[in-house]
Amino acid sequence: MSVFAPVSILILAMLIMAFLQLTPGVFLLFSHYSYGKFSRKNASNASLFFILGAETSTALVFVLIYSLLSSLYVAPVSFTDNLLVWIIAGTMIAIGVIFPFCYFKKGRGTKLFISRRLAKDFDQKTRIIKTRSDAFVLGFVASLPELIFTIPVYIVAATQIMKISDYSTVRAMLGLCFILIKIAPLIAIHLTMDSGRNLAILQKSRVKNKQFIRVFISAIYLLIGILMIIFGVFLP
Amino acid sequence: MSILDTKLVIRDLKIDAKAIGIPAGAAKAFIEKAVNDATKSLSSKTIVTDKDLVRAVHKELKKYNADLAYVYENRDTII
């Protein structure tokens, strides 16, 4: 099989990471309160530490999953191993099916799947954070509740990276790209808020695109599942 | 809920206003006026809930700054 299929699947996995909404949502609130409480410079610094925390968390989970998968297979993961493909693809398809119904809660705004108590805790934390280390920890923690949706994506990305190339440098570069894509929306929000736009404008745009995100991410999950079955089982 | 909890509301609104980029002086003046007007409009009610207060303050804030009113109304629906 050519390198085309794993590269396509990896790009789709990156898109999922870029479009998930929990970390950007928490970051949006955090930035808003930071700009409200601190000087622009301090708020900007705190935001960067939040982004660093989110990045660290993503990197750690990815490295952990990559290492686990590498240790399971001495050789690069063989995708002729149908059972593994069926399990991963089945999970992706299952998430794709349930995603539109459970990721966003019903009602106005962009209430996410997390419990209201946790959402309130995040809201409180974003208000009271004063130090950069707290911002780092909040960034680290903010992406963890989303692991239920991201762990299969991490697994898919790790297996596809192993499949694309045997060279460790290439793998490392692809892994880095995958990790960095998670913070792309955070950097976009940071730059947008730094340029003077506010929470109201960004939240209105999130609300406006809610349905699109719901359908788009669901479709990508389904597509990855289908592609993995096609290229892993029928056209290995 | 006590309708007299307006100090906290005003404090939060001032933070929101600064984040949105409203000058502090102007924000202080219209936020206090909006919250006072909102509490006045609720004074005839025997029971006032959080939602009533949010709705009333939002309605008053909208007269002065739509973005601040939007942020105040939607703060619980972002995540």
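1. Two residues are in contact if their C-beta atoms, placed from the backbone, lie within 7 Å. By that rule, the contact between the two chains takes 22 residues from chain A and 13 residues from chain B. On the side of chain B that touches chain A, the elements giving two or more residues are helix 1 (6–20) and helix 4 (66–74) of chain B. Helix 1 of chain B gives the most, with five residues. Helices here are DSSP runs (H or I, at least four residues), strands are runs of E of at least two, and both are numbered from the N terminus.

2. A word on the model before going on. It is a predicted model, in which local features need pLDDT of at least 70, side-chain atom pairs count only at pLDDT 80 or more, and totals for chains, interfaces and linings use all residues. Residues are numbered from 1 along each chain as its sequence is written, while chains are lettered from A and ligands numbered from 1 in the order in which they are written.

3. One helix pair across the two chains is worth a look. The axes of helix 2 (residues 22–37) of chain A and helix 1 of chain B come within 7 Å and cross at roughly 95°. Helix 2 of chain A is therefore roughly perpendicular to helix 1 of chain B. Axes are lines fitted to C-alpha atoms, for helices over the stretch in contact, with angles running from 0 to 180 degrees between N-to-C directions. Angles of 65 to 115 degrees count as roughly perpendicular, under 35 as roughly parallel, over 145 as roughly antiparallel, and the rest as oblique.

4. Which residues make this helix-to-helix contact? From helix 2 of chain A come A:H32, A:Y33, A:Y35, A:G36 and A:K37, and from helix 1 of chain B come B:I15, B:D16, B:K18 and B:A19. By class, they divide into four nonpolar, two polar and three charged residues.

5. Now to chain A by itself. This chain has ten helices and zero strands. Its C-alpha atoms fill a box of roughly 55 × 40 × 30 Å along the principal axes. A compact globule of 236 residues would have a radius of gyration near 18 Å, and the 19 Å of chain A agrees with that. The radius is taken over C-alpha atoms, and the globule rule is 2.2 Å times the number of residues to the power 0.38. Among contacts in chain A between residues at least 6 apart in sequence, 85% join residues at least 24 apart.

6. Chain B has four helices and zero strands. Its C-alpha box is roughly 35 × 30 × 20 Å along the principal axes. For 79 residues, a compact globule would have a radius of gyration near 12 Å, and chain B agrees at 12 Å. Of the contacts in chain B with a separation of 6 or more, 47% come from residues 24 or more positions apart.

7. A residue is buried if 20 or more other C-beta atoms lie within 10 Å of its own, exposed if 12 or fewer, and partly exposed in between, with C-beta atoms placed from the backbone.

8. The largest nonpolar core has 84 residues, and those touching the most other members are A:A13, A:I16, A:F50, A:V156, A:A157, A:I224 and B:L68. Helix 7 (residues 147–164) of chain A supplies the largest share, nine residues. Such a core is a set of buried Ala, Val, Leu, Ile, Met, Phe, Trp, Tyr and Cys residues joined through C-beta atoms within 7 Å. Leaving aside neighbours within four places in sequence, A:F50 is in contact with A:F27, A:F30, A:A135, A:F136, A:L138 and A:G139.

9. Finally, some exposed residues. B:L8 lies in helix 1 of chain B and counts as exposed because it has 8 C-beta neighbours inside 10 Å. B:K63, in the loop between helix 3 (50–61) and helix 4 of chain B, is exposed with 12 other C-beta atoms within 10 Å. A:K106 sits in the loop between helix 4 (82–102) and helix 5 (116–128) of chain A, and its 6 C-beta neighbours inside 10 Å make A:K106 exposed.

Note on methods: Ala, Val, Leu, Ile, Met, Phe, Trp, Tyr, Cys and Pro count as nonpolar, Asp, Glu, Lys and Arg as charged, and the others, Gly among them, as polar.
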